[in-house]
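Please look through the sequence and the model before reading on.

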Amino acid sequence: MSLVIRNLQRVIPVRRAPLRSRIEIARRMLGVQEFDLGIICVDNKHIQRINRIYRDRNVPTDVLSFPFHEVTAIHGLCHLLGFTHRTEAEWQQMFQKEKAVLEELGRRTGSRLQPLTRGLFGSC
């Protein structure tokens with residue numbers, strides 16, 4: 001399946017081709033080639049923010065992992081229904097819709113997922 005690598009930081013040089021090769025080897029060794037995987041490299045400031053938003057821990061960490069397949073599907077469906085997040089008002093509407101759907105999904109499946117746009121505007 002797919003492997004997406006994004007480097008959103010400038011502190012440490014990341015050579016994507018060797019990283020991709022090593023990750024693919026590890027995926028084969030672990031027997032998880034059938035899963036889509038996204039790796040996003042960020043600096044301490046950004047990972048601390050993500051850690052605070054999604055795990056209520058206001059400290060940087062080395063790795064965070066999320067089962068984003070449900071979250072991205074809900075986010076994409078909201079866009080297909082006409083929701084956007086270009087302005088704070090639009091974001092509020094989309095955030096509330098995503099949150100409601102993910103909360104109901106959580107009640108039915110036991111998962112604890114948050115909208116992708118959480119923390120984009122304001123402090124919801």
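The text below covers the fold, the surface, the cysteines and the salt bridges.

This is a predicted model, in which local features need pLDDT of at least 70, side-chain atom pairs count only at pLDDT 80 or more, and totals for chains, interfaces and linings use all residues. Residues are numbered from 1 along each chain as its sequence is written, and side-chain values use heavy atoms, with hydrogens and water left out.

**Fold and surface**

The protein chain contains 4 helices and 2 strands. Read from the N terminus, the order of elements is β-α-β-α-α-α. Helices (H or I, at least four residues) and strands (E, at least two) are DSSP runs, numbered from the N terminus.

The protein chain has 124 residues, and 20% of them count as buried. Buried stands for under 20% relative accessible area, exposed for over 50%, and partly exposed for values in between (1.4 Å probe, protein chains only). Contacts (heavy atoms within 4.5 Å) were also sorted by sequence separation: of those in the protein chain between residues at least 6 apart, 52% join residues at least 24 apart.

The protein chain has an accessible surface of about 9000 Å², and carbon and sulfur atoms account for 56% of this. Accessible areas come from the Shrake-Rupley method with a 1.4 Å probe; for residues, only the protein chains shown count as cover.

A nonpolar surface patch is formed by I25, M29 and L30, which together have about 360 Å² of accessible area. Patches take residues with over 30% relative accessible area and no salt bridge; like charges are joined within 9 Å, and nonpolar side chains (Val, Leu, Ile, Met, Phe, Trp, Tyr) within 5 Å. I25 belongs to helix α1 (residues 16-30) and is partly exposed, at 38% relative accessible area.

**Cysteines**

With a disulfide taken as a pair of cysteine sulfur atoms within 2.5 Å, the count is 0 disulfides. C41 is buried at 18% relative accessibility, and C78 is buried at 4%.

**Salt bridges**

Side chains of opposite charge can pair when their charged atoms come close. The rule used here asks for a side-chain nitrogen of Lys or Arg within 4 Å of a carboxyl oxygen of Asp or Glu, and it gives 4 salt bridges.

| Pair | N to O distance |
|---|---|
| E104 and R108 | 2.7 Å |

R27 and E24 are both in helix α1, 3 residues apart, which is about one turn of the helix. R27 is buried, with a relative accessible area of 4%, while E24 is partly exposed at 21%.

E104 and R108 are 4 residues apart in helix α4 (residues 88-109), so about one helical turn separates them. E104 has a relative accessible area of 30% and is therefore partly exposed, whereas R108, at 68%, is exposed.
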